[in-house]
Amino acid sequence: MKKIFACLLAAALMLSLTACGGGSSEDAKYNTVESGKLIMSTNAEFPPYEMQADGEGVYTGADSVKFEGIDVEIALALAEKLGLELVIDDMDFDAALIAVQQGKSDMVLAGLTYREDRDELMDFSTSYATGVQVVIVRDDSDITDLDDLENDKMIGTQRGTTGYIYASDTPENGGYGEDHVLAYDNGALAVQALLNGQIDAVIIDNAPAQAYVASNDGLHILPAEWVTEDYCLAVNEGNTELLDALNSALEKLINDGTVQIILDKYITE
């Protein structure tokens, strides 16, 4: 039951970025919500991509809240390339998607993967990482492989994610049906429901799954991959100038090894 979804590749990357009202020079060709700032909407409940930091962290936001993670560091590097100040706006995953569509944020970076229905509302960047969704179960579970999920099990996912969308789809389309899937505001709540015996499994990306299993006794990850996807950032539909600027900066960060260094820092396996 493995599905592969690739991000929409940008048709062209700008060869030069001479900026705008929100950019890094007087000639900027892209606009941001607030001049001189790059506002990122996210859900900081998705380790190791975005999470609140216990210690110093790499970014200090409003009210001195500290954030760290793969997406946070990539966003910081993008903002630096564009000569902008990063602002992180933490909210529910669904709200993070809506914020960029309503022009309240410049981009959403939240372990986001491409889907055609999302592409009707937002424009996606090139991919910067590959994500694998897996299944977490309790050690005493009778679920031993992916096929066992089809036997009227209750599955938890994070609300608004592709994990929820795919799992809640009809069995004819490879899902388990809405009656067998519960959506939680974040992965931690889904895992807690699993520990409490309220659900039988949690479907979530492998990196946060590894973190949740490491911090909670009595859980393990099934050996097979459930879904493989590519992570992207997204801007509001039609915001081509900003997307081109971000894609150009992202391409440079990929080519000079910065993105891989960030990935290796947080994902060691």
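A residue is called buried when its relative accessible area is under 20%, exposed when that area is over 50%, and partly exposed in between (1.4 Å probe, protein chains only). With this definition, Ser 168 counts as buried, because its relative accessibility is 11%.

The model is predicted: local features need pLDDT of at least 70, side-chain atom pairs count only at pLDDT 80 or more, and totals for chains, interfaces and linings use all residues. Residues are numbered from 1 along each chain as its sequence is written, and side-chain values use heavy atoms, with hydrogens and water left out.

**First stop: Ser 168**

Select Ser 168, which is placed in the loop between α4 (162-167) and β12 (181-184). A polar atom of the side chain of Ser 168 lies 2.6 Å from the backbone oxygen of Tyr 164. Next, display Gly 177, Glu 178 and Val 181, with which Ser 168 is in contact when neighbours within four places in sequence are left aside. Here contact means heavy atoms within 4.5 Å.

**The whole chain**

Show the protein chain as a cartoon; it has 8 helices and 15 strands. Helices (H or I, at least four residues) and strands (E, at least two) are DSSP runs, numbered from the N terminus. Of the 269 residues of the chain, 52% count as buried. Among contacts between residues at least 6 apart in sequence, 72% join residues at least 24 apart. Switch to a surface view: the accessible surface comes to about 12000 Å², and 46% of it belongs to carbon and sulfur atoms. Such areas come from the Shrake-Rupley method with a 1.4 Å probe; for residues, only the protein chains shown count as cover.

**The nonpolar cores**

Which residues have the most contacts inside the largest nonpolar core? Select Ile 74, Leu 78, Leu 86, Met 107, Tyr 128, Ile 136 and Leu 246, which hold that place in a core of 54 residues. Helix α1 (residues 70-82) gives the most to this core, with 8 residues. A nonpolar core is a set of buried Ala, Val, Leu, Ile, Met, Phe, Trp, Tyr and Cys residues joined through side-chain atoms within 4.5 Å. In soluble globular proteins, nonpolar side chains tend to be buried together.

Centre the view on Leu 78. Not counting residues up to four places away in sequence, Leu 78 touches Leu 233, Leu 246, Ala 249, Leu 250 and Leu 253. A second, separate core has 15 residues, including Val 137, Ile 143, Tyr 166 and Leu 222.

**A buried aspartate**

Move to strand β15 (residues 227-236), where Asp 230 is placed. Is Asp 230 buried or exposed? Asp 230 counts as buried, because its relative accessibility is 19%. The side chain of Asp 230 is joined to that of Thr 130 by a polar contact of 3.3 Å. A polar contact is a pair of N or O atoms within 3.5 Å; within protein, one must be able to donate a hydrogen and the other to accept it, and residues adjacent in sequence count only if both atoms are side-chain atoms.

**The proline pair and helix α6**

Select Pro 47 and Pro 48, which are joined by a cis peptide bond with omega of about 5 degrees. Pro 47 lies in the loop between β3 and β4, and Pro 48 lies in the loop between β3 and β4 (50-52). Pro 47 counts as buried, at 15% relative accessibility. Apart from residues up to four places away in sequence, Pro 47 touches Ala 207, Pro 208, Ala 211 and Tyr 212. The C-alpha atoms of Pro 47 and Asp 71 are separated by 9.8 Å, although these residues are 24 residues apart along the chain.

Now select helix α6 (residues 206-215), whose buried residues are Asn 206, Ala 207, Pro 208, Ala 209, Tyr 212 and Val 213. What covers these buried residues includes β3 (45-46), β10 (129-138), α5 (187-195), β13 (201-205) and β14 (219-221).

**Two loop residues with positive phi**

Select Ser 64 in the loop between β5 (59-60) and β6 (66-68). Phi of Ser 64 is near 60 degrees, a positive value in a residue other than glycine. Ser 64 is exposed, with a relative accessible area of 55%.

Finish at Asp 152, placed in the loop between β10 and β11 (155-158). Phi of Asp 152 is near 55 degrees, again a positive value in a residue other than glycine. Asp 152 counts as exposed, at 60% relative accessibility.
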